[in-house]
Amino acid sequence: MKEQTPFDVAIIGSGPGGYVAAIRAGQLGLKTAVIERDTRYGGTCLLRGCIPTKALLRDAHLFQEMKKASQQGLFKTGDIEIDFSKIQDRKNDVVDKMAKGVDFLFRKNKVTVFKGAGTVVSPTRIAVKGDGAATEVNARNIIIATGSEAKSLPGYSFDEKSILSNIGVLDLTQIPKSLLIVGSGAVGVEFASIYASFGTKVTLIEVLPAIVPIEDEEISKELKRVFTKKGIEVHTKAKLESAKPVEGGVEVTFQTDKGEVKKYTVEKVLMATGRGPNTANIGLDKLGVTLDRGFVKVDPYMETNIKGVYAIGDVTPSPLLAHVAQQEGIVAVEKIAGAHAVPINYIQVPSCTYCDPQVASVGLTEKKAVEAGHKIKVGKFPFTAIGKAKIEDASDGFVKIVADAKYGEILGVHMIGNTVTEMIAEAVAAIALEGTVDDLVHTIHAHPTLAEATHEAMENVFGAAIHI
């Protein structure tokens, strides 16, 4: 094989972390390579996760808004019909265009792409095996950005026909009449919203005491209340006992929190039971990279215990979020380039779930703040008292502030309601800047907007909200 000039950095994987790292490396003048085994760029998030899911959520929300519009006198028709094939076509078109956008950005920033599966051979060499061909990429630095994959519960496997992962549930050709979802993290509640909106009878079971269990307890309770109002059957502290494919669907048995055994036959089952890192069989064990339960251990600059080898995104034990992977990629590349790399403060990372109503949060929950030893004060404000929420016919939910009792430092902000995934950015900036309740109380918020709920919740920390 012809000896090649070494790359400054080679990245295995082109998901949100990998492609952002590659683009930033190109911007910084580094000779950059990306190794990708998929036929398209963007990884799970763009191809099989964040982007296609939100496209379906948008159409599900639009369908519900059209039904409301009909009821509110904007037009008179019979039942609004769904052409699910066109909905899927639109979703796929969004994904294709964004994947092509990544390809354009690679070319713009002079990123060299090697198609195939990458295996780390040494701290400076990656073996790439493609379609019948093999090559070797030499690089002064390597970034592992191989992402994660869906995990099923022990004893169950995805057939993507009746027992589905996030991949199979995205590619359904018809709207199922009934769907049981195991797990109520982001994947579970987002697909519950999608298919319930399209008319599917949805049952959601969660083994933990609350749905969206990483969120503040009051947020979880409110989401369960609204889901129940929408006709979604929700069971917490529920244990799946069996899921057996039968003719026409899946026979499911689970135990409720009261010990009652329920047996349903549903058309489809979605296993939304978490994800595991893609770190097996890529050479990390032979290289001596330190792993913990399959996740790569890294320092604040994303470097592993092997000098010059970095890891970002879902293969590390940080939050499995696309925006986290992107920022980790930037941190790693700026460290490699000798630029001013700034480690991530993970407490300041926003979490967004795009169910209906949406959930968004940043910082500490009330429970976590107390456990950390803070003396706190809490302010809440409901969207029912916000004019713009009335106008939007979206009054469910609230904004909750967790603040330091003495100085008013904002420790956490938790939201549930319409478009709160857009509203959370203000809170992220406030916490990053070590802002206080007073800082936002004295910041004028436009009227009428949903963001007024944040302002009023800040006022309510010290009992001074105007409109309640």
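Helices (H or I, at least four residues) and strands (E, at least two) are DSSP runs, numbered from the N terminus. The model is predicted, so local features need pLDDT of at least 70 and side-chain atom pairs pLDDT 80 or more, while totals for chains, interfaces and linings use all residues. Residues are numbered from 1 along each chain as its sequence is written, and side-chain values use heavy atoms, leaving out hydrogens and water.

Let's start with the loops. Arg293 lies between strand 18 (291–292) and strand 19 (295–296). Its phi is positive, about 55 degrees, although Arg293 is not a glycine. Arg293 is exposed, at 66% relative accessible area (exposed means over 50%, buried under 20%, partly exposed in between, with a 1.4 Å probe and protein chains only). Lys237, in the loop between strand 12 (233–235) and strand 13 (239–246), also has a positive phi, near 50 degrees. Most residues other than glycine have a negative phi, and most peptide bonds are trans.

A cis peptide bond with omega of about 5 degrees joins Asp356 and Pro357, and Pro357 sits in the loop between strand 21 (351–353) and strand 22 (358–363). Another cis bond, with omega about 0 degrees, joins His447 and Pro448; Pro448 belongs to the loop between helix 13 (437–441) and helix 14 (452–461).

Finally, visit Thr316, in the loop between strand 20 (309–311) and helix 9 (322–337). Thr316 is buried, with a relative accessible area of 1%. The side chain of Thr316 reaches the backbone oxygen of Gly313 at 2.8 Å.

Terms used. A polar contact is a pair of N or O atoms within 3.5 Å; within protein, one must be able to donate a hydrogen and the other to accept it, and residues adjacent in sequence count only if both atoms are side-chain atoms.
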